[in-house]
Amino acid sequence: MSNLTMIAVKSAVGQPLVLHEIGKPSPGPAQVLIRVHAAGVNRPDLIQRAGKYPPPPGAPETLGLEVAGVIEALGKGVTRWKAGDRVCALVPGGGYAEYALAHEGSTMPLPESLTYVEAAGLPETVLTVWNNVFHMARLKPGEAFLVHGGASGIGTTAIQLAYAWGATVYATAGTDEKCRLCERLGAKRAINYRTEDFETVLRDAGGVDVVLDMVGKPYFEKNLAILKDLGRLTYIAFLQGSRIEGDFSRLMLKRISVSGSTLRIRSDEHRGMLAASAVEHVWPWIAEGRFRPHVSAVFPLAEAEAAHAKMETGDHTGKIILQVVT
Ligand SMILES: NC(=O)c1ccc[n+]([C@@H]2O[C@H](COP(=O)([O-])OP(=O)(O)OC[C@H]3O[C@@H](n4cnc5c(N)ncnc54)[C@H](OP(=O)(O)O)[C@@H]3O)[C@@H](O)[C@H]2O)c1
């Protein structure tokens with residue numbers, strides 16, 4: 001392999017993920033080139049691979065939304081980073097590779113207490129949770145918070161951050177084992193949605209102020225039922241349907257706000273603002289040991305296919321990571 005090429009994972013609809021050699025990218029203005037040590041696997045990667053989530057204009061075709069590694073080169077105008085800095089970054093694509101480009105604002109210092117593998121699981125989940133739960137739904141210390149899919153990458157992050165913030169945390173998950181994990185991470189009570197009705201449990205508990213939902217349709221009315229007056233419902237995905245019918249009068253009666261967002265299509269400026277805010281507020285929690293990404297499986301880059309198969313089965317918890325440098 002020459003200095004001008006690198007190994008990356010090639011994806012095509014209906015085809016297995018395989019390694020191939022492609023041109024090594026070079027950083028443009030305001031970009032940094034990162035030698036990738038580890039890359040996070042996210043549910044949106046599986047959706048993109050299936051051809052249902054095309055990369056935004058200008059983004060690399062290669063999968064991968066988050067990486068951790070070492071800065072190798074700087075684009076024009078970059079002053080806040082230098083070659084050799086250990087970082088993690090949100091990338092618009094291209095994370096499943098030996099090198100990836102990141103905008104300088106979406107690049108964050110690698111927390112000293114974390115390995116590259118752990119830090120590769122930070123950017124997508126932390127910025128998504130930080131944006132939706134803390135910026136948009138304005139969770140306050142002392143409030144009650146419910147996250148659906150509590151054992152997921154997003155869920156394990158949301159539980160820990162909300163708990164560190166001083167909220168009372170509830171979660172749903174699909175097995176008793178996953179529920180116990182949620183409780184070890186800080187949930188006061190996790191509800192196995194296959195054997196219990198979260199609406200009944202949380203109505204009995206007095207309701208919640210904020211719900212972070214990734215399930216959608218079947219949970220809409222139940223979420224409205226358990227939200228308190230001035231409650232906030234925020235969406236990051238609709239795993240079971242985004243076309244929703246329900247009794248919207250509850251929104252008026254309880255003055256409930258509904259919001260949602262998706263990170264990937266937001267501007268570099270917005271993502272940079274979120275990254276700076278997360279580094280200011282969440283990185284100290286990492287240093288204090290109050291938040292640590294929960295990584296349950298690590299695969300070599302060459303086994304990206306097996307990593308996707310693992311996520312497809314749904315029996316993982318927290319993050320699945322691809323290790324690029326061992
Ligand atoms: N909007 C954004 O900016 C953004 C950013 C990142 C991710 N996302 C989305 O957020 C979701 C989580 O992402 P991830 O990477 O953390 O994926 P993941 O680990 O695969 O999480 C999916 C989770 O959904 C849970 N789930 C499925 N049906 C459920 C139900 N009926 N009730 C409760 N939980 C249910 C699963 O839990 P069980 O196994 O316990 O059923 C699983 O833990 C994905 O849909 C992803 O596309 C959105």
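Start with the open space in this predicted model: the largest pocket holds about 1300 Å³. It has 46 lining residues, and if you want to find its centre, look for Arg 43, Ser 152, Met 214, Ala 237 and Leu 239, which are the closest to it. Several elements each put at least two residues into this lining, among them helices H1 (43–49), H4 (153–164) and H5 (176–185), along with strands E9 (168–173) and E15 (319–323).

Now move to the second largest pocket, with a volume of about 440 Å³. Here 28 residues form the lining, and Gln 31, Gly 58, Ala 59, Pro 60 and Pro 92 sit nearest the centre. Strand E6 (99–103) gives the largest share, five residues, and helix H9 also supplies at least two. By class, this lining splits into 15 nonpolar, eight polar and five charged residues.

Helix H3 (residues 123–136) packs against H9 (residues 268–281) at about 85°, with the axes 10 Å apart, so the two helices are roughly perpendicular. On the H3 side the contact includes Val 126, Leu 127 and Trp 130, while H9 brings in Met 273, Leu 274 and Ala 275, among others. Seven of the contact residues are nonpolar, five are polar and one is charged. H3 also contributes at least two residues to the lining of the largest pocket.

Methods: Residues are numbered from 1 along each chain as its sequence is written. This is a predicted model: local features need pLDDT of at least 70, side-chain atom pairs count only at pLDDT 80 or more; totals for chains, interfaces and linings use all residues. Side-chain values use heavy atoms; hydrogens and water are left out. Axes are lines fitted to C-alpha atoms, for helices over the stretch in contact, and angles run from 0 to 180 degrees between N-to-C directions. Helices (H or I, at least four residues) and strands (E, at least two) are DSSP runs, numbered from the N terminus. Angles under 35 degrees count as roughly parallel, over 145 as roughly antiparallel, 65 to 115 as roughly perpendicular and the rest as oblique. Contact means heavy atoms within 4.5 Å. Ala, Val, Leu, Ile, Met, Phe, Trp, Tyr, Cys and Pro count as nonpolar, Asp, Glu, Lys and Arg as charged, and the others, Gly among them, as polar. On a 1 Å grid over the protein atoms alone, a cavity is a set of points where a 1.4 Å probe fits but cannot get out, and a pocket is an open set with protein on both sides within 12 Å along at least five of seven lines; lining residues have an atom within 4 Å of a point. Grid points are joined across faces, edges and corners, and a volume is the space filled by probe spheres set on the points.
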